[in-house]
Amino acid sequence: MFCDFASSMPVTREPVGEVIVSDARSPAVCRMVLGAPVAISADAYIRAGRLYENNCTVCHGVAAVTGGVLPDLRRSPRLQDAVAWRRAVVDGELASLGMPRFGKYLTAEDAELVRAYVARQAAMLYAAESNR
């Protein structure tokens with residue numbers, strides 16, 4: 001089943017697996033088909049990890065593994081849509097829900113690197129969950 005949240009983010013990539021996701025706008029939980037991780041070079045992945053560490057770790061956990069209080073970004077439907085991710089991270093679309101606007105600190109390109117980093121973490125989560 002595809003997630004159908006208020007943000008209407010269709011999944012368009014070839015499915016690799018499924019993880020359980022929920023969206024801050026909806027208490028419902030559904031299954032999201034994961035696309036392939038966002039392709040970036042090894043150097044870009046290292047930069048992406050640093051960007052995540054410097055801007056996201058405090059709230060969303062080391063290596064995108066949340067402590068359970070705030071959303072687990074590895075399960076975010078926004079991973080499937082670069083524009084939706086940028087709107088949340090750079091533009092502050094979720095500010096009313098407590099997600100700060102990072103436009104002062106991250107460019108759209110930086111946000112895309114962070115999305116690639118989190119997508120890779122999500123793929124590892126799926127692999128671990130499917131091996132249980």
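A polar contact is a pair of N or O atoms within 3.5 Å. One such case here involves Thr66, whose side chain reaches the backbone oxygen of Leu70 at 3.0 Å. The model is predicted.

- Thr66 lies in the loop between α2 and α3.
- With a relative accessible area of 18%, Thr66 is buried, because buried means under 20%.
- Beyond four places in sequence, the residues that Thr66 touches are Cys59, His60, Gly61, Pro71 and Asp72.

**Cys56 and its surroundings**
- Cys56 is found in the loop between α1 (42-55) and α2 (57-60).
- The relative accessible area of Cys56 is 11%, so this residue also counts as buried.
- When neighbours within four places in sequence are left aside, Cys56 is in contact with Leu51, Gly61 and Val114.
- From C-alpha to C-alpha, Cys56 and Leu73 are 9.9 Å apart in space, while in sequence they are 17 residues apart.

**The largest nonpolar core**
- The largest nonpolar core has 22 residues, and those touching the most other members are Tyr52, Leu79, Trp85, Val89, Val114 and Val118.
- Two or more residues of this core come from each of α1, α3 (82-89) and α4 (108-130).
- The element that gives the most to this core is α4, with eight residues.
- Tyr52, one of the core residues with the most contacts to other members, touches Val114 and Val118, among others.
- Other residues touched by Tyr52, not counting those up to four places away in sequence, include Thr57, His60, Gly61, Ala63, Ala64, Leu73 and Tyr117.

**Aromatic rings**
- Three aromatic pairs turn up in a search of the whole structure.
- In the pair of Phe102 and Tyr105, the ring centres are 6.2 Å apart and the planes stand at 65°, so the pair is edge-to-face.
- The cut-off behind that label is an angle over 60 degrees between the planes.
- Phe102 is buried, with a relative accessible area of 15%, whereas Tyr105 counts as exposed at 56% relative accessibility.
- One aromatic cluster is formed by Tyr45, Tyr52 and Tyr117.
- The ring of Tyr45 has the charged end of Arg120 sitting over it, 4.5 Å from the ring centre.

Definitions and conventions
Residues numbered from 1 in each chain as written. Predicted model: local features only at pLDDT ≥ 70, side-chain atom pairs only at ≥ 80, totals over all residues. Heavy atoms only, no water. Helix = DSSP H or I, 4+ residues; strand = E, 2+ residues; numbered from the N terminus. Buried < 20%, exposed > 50% of the residue type's maximum accessible area, 1.4 Å probe, protein only. Contact = heavy atoms within 4.5 Å. Core = buried A, V, L, I, M, F, W, Y, C linked by side-chain atoms within 4.5 Å. Polar contact = N/O pair within 3.5 Å; in protein donor to acceptor, adjacent residues only side chain to side chain. Phe/Tyr/Trp six-rings, centres within 6.5 Å; stacked < 30°, edge-to-face > 60°. Lys NZ or Arg CZ within 6 Å of the ring centre and 35° of its normal.
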